[in-house]
Amino acid sequence: MRAKKFIPLVAFVLLTGLLFRGLSIDPTALPAARLGQPFPPFAQPELLSGDEISDAALTPKPALVNVWATWCYSCRVEHPYLLSLAEQGIPIYGLNYKDDSAKARDWLEQLGDPYRLNIVDVEGSVGLDLGVYGAPETYVLDADGYIVHRHVGVLDEAVFTRDFSRWFPVDALPKRMPAIGVGL
Amino acid sequence: MSRFETVLILSALWCLLAASSGARAVVETYEFSSQDLEARYHLLSQELRCPKCQNQNIADSNAPIARDLRVVLFEQLEAGATDDEILAFMVARYGEFVRYRPGVDRQTLLLWASPGLLLVLGAAGLIRHFRQRRDRTLGLLTDAEQDQIEQLLREPRA
(Lines give C-alpha, C1' and ligand atoms only; values in the text may rest on other atoms or scores of the structure.)
Protein backbone atom coordinates (compact mmCIF):
# COMPACT_ATOMS: atom_id res chain seq x y z
CA MET A 1 0.00 0.00 0.00
CA ARG A 2 2.72 2.42 0.94
CA ALA A 3 4.45 1.74 -2.40
CA LYS A 4 1.51 3.36 -4.13
CA LYS A 5 2.49 6.72 -2.73
CA PHE A 6 5.72 6.60 -4.71
CA ILE A 7 4.15 6.01 -8.09
CA PRO A 8 3.99 9.73 -8.99
CA LEU A 9 7.59 10.19 -7.88
CA VAL A 10 8.79 7.23 -9.92
CA ALA A 11 6.80 8.42 -12.94
CA PHE A 12 8.26 11.89 -12.52
CA VAL A 13 11.82 10.60 -12.30
CA LEU A 14 11.36 8.38 -15.35
CA LEU A 15 9.84 11.17 -17.40
CA THR A 16 12.51 13.65 -16.32
CA GLY A 17 15.20 11.14 -17.23
CA LEU A 18 13.67 10.61 -20.63
CA LEU A 19 13.36 14.32 -21.33
CA PHE A 20 16.84 15.02 -19.99
CA ARG A 21 18.25 12.40 -22.33
CA GLY A 22 16.35 14.11 -25.13
CA LEU A 23 18.22 17.34 -24.49
CA SER A 24 21.50 15.79 -25.55
CA ILE A 25 20.15 14.13 -28.70
CA ASP A 26 20.77 16.00 -31.92
CA PRO A 27 17.42 15.94 -33.74
CA THR A 28 19.07 16.72 -37.07
CA ALA A 29 21.35 13.68 -36.87
CA LEU A 30 20.44 11.14 -39.50
CA PRO A 31 21.31 7.48 -39.48
CA ALA A 32 23.78 6.87 -42.29
CA ALA A 33 22.15 4.31 -44.56
CA ARG A 34 25.39 3.50 -46.38
CA LEU A 35 27.39 2.34 -43.38
CA GLY A 36 29.01 -1.03 -43.95
CA GLN A 37 28.70 -0.76 -47.71
CA PRO A 38 31.38 -0.04 -50.28
CA PHE A 39 31.66 3.42 -51.77
CA PRO A 40 28.99 3.65 -54.50
CA PRO A 41 30.42 3.15 -58.00
CA PHE A 42 30.80 6.30 -60.09
CA ALA A 43 32.45 7.63 -63.24
CA GLN A 44 33.02 11.36 -62.97
CA PRO A 45 35.67 13.86 -64.02
CA GLU A 46 38.51 14.75 -61.68
CA LEU A 47 38.57 18.41 -60.71
CA LEU A 48 42.14 19.39 -61.61
CA SER A 49 43.12 16.92 -64.31
CA GLY A 50 39.74 16.60 -65.99
CA ASP A 51 40.31 12.86 -66.45
CA GLU A 52 37.39 10.55 -65.86
CA ILE A 53 37.87 8.61 -62.65
CA SER A 54 35.96 5.79 -61.01
CA ASP A 55 35.71 4.43 -57.47
CA ALA A 56 38.85 2.41 -58.21
CA ALA A 57 40.80 5.68 -58.06
CA LEU A 58 40.15 6.00 -54.32
CA THR A 59 43.42 4.42 -53.19
CA PRO A 60 45.22 4.28 -50.81
CA LYS A 61 42.85 3.47 -47.96
CA PRO A 62 41.84 3.88 -45.16
CA ALA A 63 40.94 7.37 -46.22
CA LEU A 64 38.53 10.22 -45.75
CA VAL A 65 36.01 11.34 -48.33
CA ASN A 66 35.14 14.96 -47.75
CA VAL A 67 32.02 16.48 -49.33
CA TRP A 68 32.63 20.16 -49.96
CA ALA A 69 31.70 23.11 -52.11
CA THR A 70 32.71 26.74 -52.45
CA TRP A 71 29.17 27.84 -51.55
CA CYS A 72 29.47 26.13 -48.21
CA TYR A 73 30.70 28.38 -45.46
CA SER A 74 31.42 25.61 -42.99
CA CYS A 75 33.70 24.01 -45.57
CA ARG A 76 35.91 27.08 -45.38
CA VAL A 77 35.94 26.75 -41.62
CA GLU A 78 37.12 23.14 -41.71
CA HIS A 79 39.53 23.61 -44.60
CA PRO A 80 42.63 24.45 -42.51
CA TYR A 81 42.06 21.32 -40.43
CA LEU A 82 41.81 19.19 -43.58
CA LEU A 83 45.14 20.67 -44.67
CA SER A 84 46.72 19.64 -41.39
CA LEU A 85 45.27 16.11 -41.68
CA ALA A 86 46.67 15.83 -45.19
CA GLU A 87 50.00 16.99 -43.88
CA GLN A 88 49.91 14.16 -41.34
CA GLY A 89 49.61 11.80 -44.29
CA ILE A 90 45.92 10.92 -44.08
CA PRO A 91 44.57 10.42 -47.62
CA ILE A 92 41.60 12.71 -48.27
CA TYR A 93 39.46 12.45 -51.38
CA GLY A 94 37.19 15.35 -52.15
CA LEU A 95 33.66 15.21 -53.48
CA ASN A 96 33.11 18.63 -54.99
CA TYR A 97 29.37 18.68 -54.50
CA LYS A 98 27.10 20.76 -56.76
CA ASP A 99 29.78 23.33 -57.29
CA ASP A 100 31.19 25.51 -60.02
CA SER A 101 34.42 23.72 -61.00
CA ALA A 102 36.26 26.94 -61.90
CA LYS A 103 35.48 28.42 -58.50
CA ALA A 104 36.51 25.16 -56.83
CA ARG A 105 39.90 25.20 -58.59
CA ASP A 106 40.42 28.84 -57.50
CA TRP A 107 39.58 27.88 -53.93
CA LEU A 108 42.15 25.10 -53.89
CA GLU A 109 44.76 27.37 -55.41
CA GLN A 110 44.15 30.11 -52.86
CA LEU A 111 43.52 28.11 -49.70
CA GLY A 112 45.70 25.07 -50.37
CA ASP A 113 44.76 21.60 -51.56
CA PRO A 114 44.39 18.83 -48.97
CA TYR A 115 42.87 16.39 -51.47
CA ARG A 116 44.54 13.48 -53.26
CA LEU A 117 41.88 13.94 -55.93
CA ASN A 118 38.48 15.52 -56.30
CA ILE A 119 35.37 13.94 -57.77
CA VAL A 120 33.42 16.56 -59.72
CA ASP A 121 29.75 16.11 -58.87
CA VAL A 122 27.94 19.06 -60.43
CA GLU A 123 24.59 17.27 -60.56
CA GLY A 124 24.92 15.85 -57.07
CA SER A 125 24.40 12.30 -58.31
CA VAL A 126 27.37 10.77 -56.47
CA GLY A 127 26.20 12.68 -53.41
CA LEU A 128 22.73 11.25 -53.80
CA ASP A 129 24.08 7.71 -54.08
CA LEU A 130 26.09 8.33 -50.96
CA GLY A 131 23.11 9.75 -49.06
CA VAL A 132 24.59 13.24 -48.75
CA TYR A 133 22.13 15.89 -47.71
CA GLY A 134 24.38 18.89 -47.25
CA ALA A 135 27.97 19.99 -46.97
CA PRO A 136 30.34 19.52 -45.33
CA GLU A 137 30.12 15.81 -44.71
CA THR A 138 33.08 13.52 -44.14
CA TYR A 139 33.10 9.76 -44.59
CA VAL A 140 35.66 7.20 -43.49
CA LEU A 141 36.57 4.42 -45.92
CA ASP A 142 38.29 1.54 -44.19
CA ALA A 143 41.20 -0.41 -45.66
CA ASP A 144 38.79 -2.56 -47.70
CA GLY A 145 36.93 0.43 -49.07
CA TYR A 146 33.82 0.10 -46.91
CA ILE A 147 32.10 3.17 -45.53
CA VAL A 148 32.50 2.86 -41.78
CA HIS A 149 31.67 6.31 -40.48
CA ARG A 150 29.95 9.49 -41.48
CA HIS A 151 30.29 12.90 -39.89
CA VAL A 152 27.92 15.72 -40.80
CA GLY A 153 29.23 19.23 -40.23
CA VAL A 154 32.61 20.76 -39.57
CA LEU A 155 35.41 18.28 -38.94
CA ASP A 156 37.79 19.50 -36.28
CA GLU A 157 40.39 18.02 -34.01
CA ALA A 158 37.94 17.13 -31.22
CA VAL A 159 35.64 15.29 -33.63
CA PHE A 160 38.55 13.56 -35.30
CA THR A 161 40.03 12.36 -32.03
CA ARG A 162 36.66 11.14 -30.79
CA ASP A 163 35.19 9.51 -33.90
CA PHE A 164 37.85 9.12 -36.57
CA SER A 165 41.20 8.35 -34.98
CA ARG A 166 40.48 4.65 -34.43
CA TRP A 167 40.80 4.11 -38.18
CA PHE A 168 43.99 6.14 -38.40
CA PRO A 169 46.39 4.88 -35.75
CA VAL A 170 49.30 7.26 -35.50
CA ASP A 171 52.10 4.77 -36.24
CA ALA A 172 50.29 3.38 -39.29
CA LEU A 173 50.39 6.73 -41.04
CA PRO A 174 52.95 7.20 -43.78
CA LYS A 175 55.68 9.49 -42.53
CA ARG A 176 55.24 12.55 -44.63
CA MET A 177 55.46 15.06 -41.86
CA PRO A 178 58.34 17.49 -42.43
CA ALA A 179 60.82 17.23 -39.57
CA ILE A 180 60.58 20.90 -38.70
CA GLY A 181 58.67 22.82 -36.11
CA VAL A 182 57.52 19.83 -34.11
CA GLY A 183 59.37 20.63 -30.93
CA LEU A 184 57.97 18.92 -27.88
CA MET B 1 -15.11 41.03 -25.83
CA SER B 2 -17.87 38.50 -25.53
CA ARG B 3 -17.20 34.84 -25.70
CA PHE B 4 -19.06 34.63 -28.98
CA GLU B 5 -16.80 37.25 -30.57
CA THR B 6 -13.69 35.44 -29.44
CA VAL B 7 -14.90 32.22 -30.98
CA LEU B 8 -15.74 34.06 -34.19
CA ILE B 9 -12.28 35.62 -34.48
CA LEU B 10 -10.53 32.37 -33.70
CA SER B 11 -12.47 30.48 -36.32
CA ALA B 12 -11.76 33.19 -38.90
CA LEU B 13 -8.04 32.90 -38.13
CA TRP B 14 -8.27 29.14 -38.41
CA CYS B 15 -9.88 29.36 -41.84
CA LEU B 16 -7.15 31.73 -42.99
CA LEU B 17 -4.47 29.35 -41.79
CA ALA B 18 -6.12 26.38 -43.46
CA ALA B 19 -6.47 28.27 -46.74
CA SER B 20 -2.84 29.38 -46.79
CA SER B 21 -1.42 25.95 -46.04
CA GLY B 22 -2.88 24.56 -49.24
CA ALA B 23 -0.76 26.95 -51.29
CA ARG B 24 2.48 26.03 -49.54
CA ALA B 25 3.72 23.21 -51.75
CA VAL B 26 6.60 23.98 -54.08
CA VAL B 27 5.55 24.89 -57.60
CA GLU B 28 7.40 23.01 -60.29
CA THR B 29 6.37 21.75 -63.67
CA TYR B 30 6.95 18.20 -64.75
CA GLU B 31 5.51 16.81 -67.94
CA PHE B 32 4.09 13.45 -67.01
CA SER B 33 3.32 10.98 -69.74
CA SER B 34 0.18 9.84 -67.93
CA GLN B 35 -2.18 11.03 -65.23
CA ASP B 36 -1.58 7.89 -63.28
CA LEU B 37 2.12 8.71 -62.97
CA GLU B 38 1.26 12.23 -61.89
CA ALA B 39 -1.04 10.95 -59.18
CA ARG B 40 1.65 8.56 -57.92
CA TYR B 41 4.18 11.40 -58.01
CA HIS B 42 1.99 13.48 -55.72
CA LEU B 43 1.38 10.60 -53.34
CA LEU B 44 5.05 9.60 -53.12
CA SER B 45 6.39 13.14 -52.86
CA GLN B 46 4.14 13.66 -49.86
CA GLU B 47 5.22 10.43 -48.27
CA LEU B 48 8.95 11.05 -48.63
CA ARG B 49 10.57 13.15 -45.98
CA CYS B 50 13.15 15.79 -46.78
CA PRO B 51 16.47 14.77 -45.18
CA LYS B 52 17.53 18.38 -44.70
CA CYS B 53 14.43 20.09 -43.32
CA GLN B 54 13.12 17.29 -41.28
CA ASN B 55 9.51 18.15 -40.72
CA GLN B 56 8.64 18.70 -44.32
CA ASN B 57 7.97 16.21 -47.04
CA ILE B 58 9.84 16.63 -50.30
CA ALA B 59 6.75 18.11 -51.94
CA ASP B 60 6.72 21.02 -49.51
CA SER B 61 10.42 21.60 -49.06
CA ASN B 62 12.49 24.16 -50.90
CA ALA B 63 15.79 22.58 -49.90
CA PRO B 64 18.09 21.64 -52.81
CA ILE B 65 18.17 18.03 -51.68
CA ALA B 66 14.37 17.88 -51.74
CA ARG B 67 14.41 19.19 -55.30
CA ASP B 68 16.97 16.53 -56.25
CA LEU B 69 14.78 13.84 -54.76
CA ARG B 70 11.75 15.16 -56.66
CA VAL B 71 13.72 14.99 -59.89
CA VAL B 72 14.81 11.43 -59.09
CA LEU B 73 11.22 10.54 -58.24
CA PHE B 74 9.98 11.98 -61.52
CA GLU B 75 12.66 10.23 -63.57
CA GLN B 76 12.11 6.89 -61.90
CA LEU B 77 8.35 7.10 -62.32
CA GLU B 78 8.77 7.87 -66.00
CA ALA B 79 11.26 5.00 -66.30
CA GLY B 80 8.56 2.65 -65.06
CA ALA B 81 9.77 1.93 -61.51
CA THR B 82 7.20 0.64 -59.04
CA ASP B 83 6.44 2.48 -55.81
CA ASP B 84 8.29 -0.18 -53.85
CA GLU B 85 11.38 0.14 -56.04
CA ILE B 86 11.41 3.91 -55.63
CA LEU B 87 10.99 3.70 -51.87
CA ALA B 88 13.75 1.07 -51.69
CA PHE B 89 16.04 3.37 -53.70
CA MET B 90 15.41 6.24 -51.29
CA VAL B 91 15.74 4.10 -48.17
CA ALA B 92 19.04 2.63 -49.42
CA ARG B 93 20.45 6.15 -49.52
CA TYR B 94 18.75 8.00 -46.69
CA GLY B 95 17.53 5.22 -44.40
CA GLU B 96 14.02 4.45 -43.13
CA PHE B 97 14.06 8.03 -41.90
CA VAL B 98 13.17 9.23 -45.38
CA ARG B 99 9.74 7.61 -45.20
CA TYR B 100 6.93 9.09 -43.20
CA ARG B 101 5.54 5.58 -42.90
CA PRO B 102 8.66 3.52 -42.18
CA GLY B 103 8.58 -0.24 -42.57
CA VAL B 104 8.22 -2.36 -39.44
CA ASP B 105 11.60 -3.51 -38.18
CA ARG B 106 13.39 -3.73 -34.83
CA GLN B 107 13.97 0.00 -34.71
CA THR B 108 10.45 1.07 -35.62
CA LEU B 109 8.56 -1.67 -33.78
CA LEU B 110 7.97 0.45 -30.68
CA LEU B 111 6.85 3.34 -32.86
CA TRP B 112 4.29 1.19 -34.63
CA ALA B 113 3.16 -0.59 -31.47
CA SER B 114 2.80 2.53 -29.31
CA PRO B 115 -0.76 3.49 -30.39
CA GLY B 116 -1.95 -0.02 -29.49
CA LEU B 117 -0.02 0.00 -26.22
CA LEU B 118 -1.42 3.39 -25.27
CA LEU B 119 -4.92 2.21 -26.12
CA VAL B 120 -4.55 -0.85 -23.90
CA LEU B 121 -3.11 1.23 -21.06
CA GLY B 122 -5.88 3.79 -21.36
CA ALA B 123 -8.57 1.12 -21.49
CA ALA B 124 -7.12 -0.61 -18.43
CA GLY B 125 -7.09 2.70 -16.54
CA LEU B 126 -10.67 3.46 -17.51
CA ILE B 127 -11.92 0.02 -16.50
CA ARG B 128 -10.20 0.33 -13.16
CA HIS B 129 -11.64 3.77 -12.62
CA PHE B 130 -15.22 2.69 -13.41
CA ARG B 131 -14.95 -0.43 -11.25
CA GLN B 132 -13.84 1.65 -8.30
CA ARG B 133 -16.63 4.12 -8.85
CA ARG B 134 -19.17 1.33 -9.07
CA ASP B 135 -17.87 -0.21 -5.87
CA ARG B 136 -18.07 3.13 -4.12
CA THR B 137 -21.62 3.85 -5.26
CA LEU B 138 -22.62 0.37 -4.19
CA GLY B 139 -21.25 1.16 -0.77
CA LEU B 140 -18.59 -1.53 -1.13
CA LEU B 141 -15.26 -0.98 0.49
CA THR B 142 -12.13 -0.69 -1.57
CA ASP B 143 -9.22 -3.00 -0.94
CA ALA B 144 -7.43 -0.16 0.79
CA GLU B 145 -10.34 0.50 3.12
CA GLN B 146 -10.73 -3.18 3.90
CA ASP B 147 -7.03 -3.36 4.76
CA GLN B 148 -7.35 -0.33 6.98
CA ILE B 149 -10.25 -1.87 8.90
CA GLU B 150 -8.41 -5.11 9.40
CA GLN B 151 -5.39 -3.26 10.65
CA LEU B 152 -7.47 -1.24 13.08
CA LEU B 153 -9.14 -4.39 14.37
CA ARG B 154 -5.80 -6.08 14.86
CA GLU B 155 -4.34 -3.16 16.80
CA PRO B 156 -4.38 -3.73 20.54
CA ARG B 157 -6.46 -1.17 22.39
CA ALA B 158 -4.47 1.46 24.15
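Visitor: How many salt bridges does the structure hold over all chains?
Guide: Seven. A salt bridge here is a side-chain nitrogen of Lys or Arg within 4 Å of a carboxyl oxygen of Asp or Glu. This is a predicted model, where local features need pLDDT of at least 70, side-chain atom pairs count only at pLDDT 80 or more, and totals for chains, interfaces and linings use all residues. Residues are numbered from 1 along each chain as its sequence is written, chains are lettered from A and ligands numbered from 1 in the order in which they are written, and side-chain values use heavy atoms, with hydrogens and water left out.

Visitor: How many salt bridges does the rule find across the interface of chain B and chain A?
Guide: Two. In one salt bridge, A:Lys98 pairs with B:Asp68, and the closest N and O atoms are 2.2 Å apart.

Visitor: Where does A:Lys98 lie?
Guide: In the loop between S4 and H3 of chain A. Helices (H or I, at least four residues) and strands (E, at least two) are DSSP runs, numbered from the N terminus. Phi of A:Lys98 is near 50°, a positive value in a residue other than glycine. Most residues other than glycine have a negative phi.

Visitor: How much area do chain B and chain A bury between them?
Guide: About 1400 Å², with 55% of it on carbon and sulfur atoms. Buried area is the accessible area (1.4 Å probe) that two parts lose on being put together, summed over both. Of the area that chain B buries against chain A, 39% comes from B:Gln54, B:Arg93 and B:Tyr94, more than from any other three residues.

Visitor: How many residues does the contact take from each chain?
Guide: The contact takes 19 residues from chain B and 19 residues from chain A, where contact means heavy atoms within 4.5 Å.

Visitor: New topic. Which peptide bond is cis, going into A:Pro60?
Guide: The one from A:Thr59, with omega near 5°. A:Pro60 sits in the loop between strand S2 (52-54) and strand S3 (63-68) of chain A.

Visitor: What joins A:Ala135 and A:Pro136?
Guide: A cis peptide bond, with omega about 0°. A:Pro136 is in the loop between helix H4 (125-130) and strand S6 (137-141) of chain A. Most peptide bonds are trans.
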